[in-house]
Amino acid sequence: MTGGAAGRIWAVVLRHLYLMRGSPARVVPLFAWVAVDVVLWGLLTRWLDSMVASPVRLVPALLGAVLFWNFFTRVMHGVTMAFFEDVWSRNFLNVFATPLSVGEYVAGLVLSSVLTSLVGLLAMVGLAAAAFGLSVAAYGAAAVPFLLVLFAFGVALGIVGVSLVLRLGPAAEWLIWPIPALLAPFAGVFYPVATLPAWMQAVARVLPPSYVFEGLRAVVAGRSIPPGALAWAGGLAVAWLLLAGWGFARVYRHAVRTGLIGRYSAETVS
């Protein structure tokens, strides 16, 4: 990457950093919902641990699942929120009047998501450790590939969300927010994938998070992660990322060719 490209990517990131610096309303959600989730699930798992005689430690199993799933959600929403800021301010067309390329713009969105997601992750880990004694070290070296797989898949879904809104118009943003909640049952965040009906298991096999949470439960239970599971999850995440990038490029070319970008201040685009 040339210095010029790096500078343009950083300009995209810097714009969103300035937005957050000038608006506490944009900063507070990075911590507020994280704190609510950690406290709610932490208290629930602590209560279950005291009530249920189980060889599985529920705090690292359930609260850990909440932390990892929240990280994935923050990554996805970090990409889409950075894009929505340009949509809401009617700035999207102005951005592409600059020498900024599509790839550089997407890279800027991803880098913005990295920064906001790390803030949320550190807040979650710190609160979980202080309030409930949960340490990321409980998951051993597997914590790193867990987070990398979830990060890659979160970025992929964020790009998919951006593509949908770019193609269908700003009103389509309401299709994006529920995506993590819709995927959670298939990903087996809080229960083994084997408990799902056969057709849901088939869907779970193409979702990288399902392998992450199966591995997380295996680590907590003192078992080894199935050989090749994390490698397969990483391969799936990369495949999703490539498909998402390809889809965004096609949608963007369509928007330029048909003039949709020029009419992007409309509530919907058809």
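Let me begin with how the model is read: because it is predicted, local features are taken only at pLDDT of at least 70 and side-chain atom pairs only at pLDDT 80 or more, while totals for chains, interfaces and linings use all residues. Residues are numbered from 1 along each chain as its sequence is written, and side-chain values rest on heavy atoms, with hydrogens and water left out.

The overall picture is helical, with 11 helices and zero strands, where helices are DSSP runs of H or I with at least four residues, strands are runs of E with at least two, and both are numbered from the N terminus. Of the 270 residues in the protein, 47% are buried, meaning under 20% relative accessible area, whereas exposed means over 50% and partly exposed lies in between, with a 1.4 Å probe and protein chains only. Among the contacts with a separation of 6 or more, 76% join residues 24 or more positions apart, a contact being heavy atoms within 4.5 Å.

Now to the packing around helix H7. Two packed helices are described by the angle between their axes and the distance between the axes. Helix H7, residues 143-168, and helix H11, residues 229-258, have axes that come within 8 Å and cross at roughly 20°; such axes are lines fitted to C-alpha atoms, for helices over the stretch in contact, and the angles run from 0 to 180 degrees between N-to-C directions. H7 and H11 are therefore roughly parallel to each other, given that angles under 35 degrees count as roughly parallel, over 145 as roughly antiparallel, 65 to 115 as roughly perpendicular and the rest as oblique. The residues of the contact of H7 with H11 divide into 21 nonpolar, five polar and one charged, with Ala, Val, Leu, Ile, Met, Phe, Trp, Tyr, Cys and Pro counted as nonpolar, Asp, Glu, Lys and Arg as charged, and the others, Gly among them, as polar.

How do H7 and helix H10, residues 208-220, cross? Their axes come within 9 Å and cross at roughly 160°, which makes H7 roughly antiparallel to H10. On the H7 side the contact is made by Phe146, Val149, Leu150 and Phe153, and the H10 residues include Pro208, Phe213 and Val219. By class, this contact of H7 with H10 has 10 nonpolar, one polar and no charged residues.

Turning to the rings, the structure holds eight aromatic pairs, in which rings of Phe, Tyr and Trp, the last by its six-membered ring, have centres within 6.5 Å, and planes under 30 degrees apart count as stacked, over 60 as edge-to-face and the rest as tilted. In one of them, tryptophan 69 and phenylalanine 72 have ring centres 4.6 Å apart and planes at 40°, so the pair is tilted. Both residues lie in helix H4, residues 58-88, three residues apart, about one turn of the helix, and both are buried.

In another pair, phenylalanine 84 and tryptophan 177, the centres are 5.5 Å apart and the planes stand at 65°, so the pair is edge-to-face. This pair links distant parts of the chain, with phenylalanine 84 in helix H4 and tryptophan 177 in the loop between H7 and H8, 93 residues apart. Phenylalanine 84 counts as buried at 1% relative accessibility, whereas tryptophan 177, at 25%, is partly exposed.

Finally, Trp69, Phe72, Phe153, Phe213 and Trp240 form one aromatic cluster.
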